Amino acid sequence: MLYTVMPLERIYTDFNERNKPAKKSEDTETQEYKEVMLEHGRVVTRREGDNYIIERIHSTNMTDYLNKDYTPGNTVDS
């Protein structure tokens with residue numbers, strides 16, 4: 001714990017600089033995302049060509065995380 005009158009930005013300058021998000025270049029193309037609803041949650045996919053690739057899963061049912069059909073990197077029928 002620090003007891004100081006100096007602003008924390010001045011004390012932790014290196015920490016703040018190191019953790020800044022990388023700047024996005026203007027020529028990067030935007031990704032198209034789609035959510036597929038499940039019974040207990042959803043699967044987030046991104047479009048890659050004509051396919052949708054699974055990015056992540058959000059579910060309240062733990063067995064959904066063990067389902068091989070919802071593994072990140074797999075394709076989803078659109």
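## Arginine 47 and its partner

Arginine 47 is partly exposed, with a relative accessible area of 35%. The model is predicted. Arginine 47 pairs with glutamate 32 in a salt bridge, and their closest N and O atoms are 3.9 Å apart. That pair ties together parts 15 residues apart in sequence, because arginine 47 sits in strand E2 (residues 41-48) and glutamate 32 in the loop between helix H2 (13-18) and strand E1 (33-37). Glutamate 32 is partly exposed too, at 41% relative accessible area.

Why can such pairs form? Side chains of opposite charge can pair when their charged atoms come close.

## Other salt bridges

How many salt bridges are there? The count comes to 4. One of them joins glutamate 35 and arginine 42, at 3.6 Å from N to O. Glutamate 35 is partly exposed, with 46% relative accessibility. Arginine 42 is partly exposed as well, at 31%.

Glutamate 55 forms a salt bridge with arginine 46. Here the closest N and O atoms are 2.2 Å apart. Glutamate 55 counts as partly exposed, at 27% relative accessibility. Which residues are linked in a network of salt bridges? They are Arg46, Glu48 and Glu55.

## A nonpolar patch

Now for the surface. Leu2, Val5, Met6, Leu8, Ile11 and Tyr12 form a nonpolar patch there. Together they have about 600 Å² of accessible area. Where does leucine 2 lie? Leucine 2 is in the segment before helix H1 (8-11).

Terms used:
Residues are numbered from 1 along each chain as its sequence is written. This is a predicted model: local features need pLDDT of at least 70, side-chain atom pairs count only at pLDDT 80 or more; totals for chains, interfaces and linings use all residues. Side-chain values use heavy atoms; hydrogens and water are left out. Patches are made of residues with over 30% relative accessible area and no salt bridge: like charges are joined within 9 Å, nonpolar side chains (Val, Leu, Ile, Met, Phe, Trp, Tyr) within 5 Å. Accessible areas come from the Shrake-Rupley method with a 1.4 Å probe; for residues, only the protein chains shown count as cover. A salt bridge is a side-chain nitrogen of Lys or Arg within 4 Å of a carboxyl oxygen of Asp or Glu. Helices (H or I, at least four residues) and strands (E, at least two) are DSSP runs, numbered from the N terminus. Buried means under 20% relative accessible area, exposed over 50%, partly exposed in between (1.4 Å probe, protein chains only).
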